[in-house]
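Hello,

Here is the structure I promised to pass on. Please open it first, then read my notes beside it.

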Amino acid sequence: MPSIPSSSEARWDPIKAFSIHNHEKGGAVSCVGWAPSKRRRCQNPIAAQNRSAAEYLLKDMSYRDPNTVTDATLEMIAGYSLCRAYHQNQKAEMVRNWKNVITGEQRALDRSRAQPSRPLERLPRGARGTSKSRHRRKDSKGRD
Ligand SMILES: [Zn+2]
């Protein structure tokens, strides 16, 4: 297995975004399927080799933009993270859910890029005296 370059930074966290870790089970990886009869997430464990295969793909994904993830990759991850016993038939549903998640993640990422490293300036309610910035804008305009 090729290793993930350590120099690059993760852009998002698919493991978290896709809720791969089951918090009812103390954050362990269990089947991501839904058990309708129990009205909760399936608690079946996932074989170690499938788990690490899924985690590898998810980790690799985190270094790219969410919207570059292909359906084929999502299908593979769904196959790995659904239990063999009951939930392989929820693959298409999982992929659909995850694609919605991806849309949201991409939007968040684009938003954060649009305002590079500037923390949101939040003024306390009713604050006055914001005219300073307006002045500055006036001064700096008009020369290109
Ligand atoms: Zn299951």
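**Notes on the model**

Start with Lys91, which sits in helix 4. Keep in mind that this is a predicted model.

Is Lys91 exposed, partly exposed or buried? Lys91 has 18 C-beta neighbours inside 10 Å, so Lys91 counts as partly exposed. A residue needs 20 or more such neighbours to be called buried. Which residues does Lys91 touch, leaving out those up to four places away in sequence? They are Glu75, Ala78, Gly79 and Leu82. Gly33 is 58 residues from Lys91 along the chain, yet their C-alpha atoms are separated by 8.5 Å.

Next, look at Gln88. This residue lies in the loop between helix 3 and helix 4. Gln88 is partly exposed, because 13 other C-beta atoms lie within 10 Å. Setting aside neighbours within four places in sequence, Gln88 is in contact with Gly79 and Leu82. Gln88 and Ala78 are ten residues apart in sequence. From C-alpha to C-alpha, they are 8.0 Å apart in space.

**How the helices pack**

Two packed helices are described by the angle between their axes and the distance between the axes.

Take helix 3 and helix 4 to begin with. Helix 4 covers residues 91-114. The two pack at an angle of about 125°, and their axes are 9 Å apart. Helix 3 and helix 4 are therefore oblique to each other. Their crossing is right-handed. Which residues meet there? From helix 3 come Asp71, Leu74, Glu75, Ala78 and Gly79. From helix 4 come Lys91, Met94, Val95, Trp98 and Lys99. By class, this contact has five nonpolar, one polar and four charged residues.

Now turn to helix 2 and helix 3. Helix 2 runs over residues 48-62, and helix 3 over residues 71-81. Their axes come within 8 Å and cross at roughly 150°. That angle makes helix 2 roughly antiparallel to helix 3. The cut-off for that label is an angle over 145 degrees. Helix 2 passes helix 3 in a left-handed crossing. On the helix 2 side, the residues are Asn50, Ala53, Ala54, Leu57, Leu58 and Met61. They meet Thr73, Met76, Ile77, Tyr80 and Ser81 in helix 3. This contact divides into eight nonpolar, three polar and no charged residues.

**The whole chain**

How many helices and strands does the protein have? There are five helices and four strands. Along the sequence, the pattern reads α-β-β-β-β-α-α-α-α. The protein has 144 residues, and buried residues make up 18% of them. Consider the contacts between residues at least 6 apart in sequence. Of these, 57% join residues at least 24 apart.

The average pLDDT of the protein is 83, and 75% of the residues score at least 70. Which elements have the highest and the lowest mean pLDDT? Helix 3 has the highest, at 97. Helix 5, residues 131-140, has the lowest, at 52. Where pLDDT is low, the predicted coordinates should not be read in detail.

Best wishes

Conventions:
Residues are numbered from 1 along each chain as its sequence is written. This is a predicted model: local features need pLDDT of at least 70, side-chain atom pairs count only at pLDDT 80 or more; totals for chains, interfaces and linings use all residues. Axes are lines fitted to C-alpha atoms, for helices over the stretch in contact, and angles run from 0 to 180 degrees between N-to-C directions. Angles under 35 degrees count as roughly parallel, over 145 as roughly antiparallel, 65 to 115 as roughly perpendicular and the rest as oblique. A crossing is left-handed if the near helix is turned anticlockwise from the far one by less than a right angle, and right-handed if clockwise. Two residues are in contact if their C-beta atoms, placed from the backbone, lie within 7 Å. Ala, Val, Leu, Ile, Met, Phe, Trp, Tyr, Cys and Pro count as nonpolar, Asp, Glu, Lys and Arg as charged, and the others, Gly among them, as polar. A residue is buried if 20 or more other C-beta atoms lie within 10 Å of its own, exposed if 12 or fewer, and partly exposed in between; C-beta atoms are placed from the backbone. pLDDT is the predictor's confidence in each residue, from 0 to 100.
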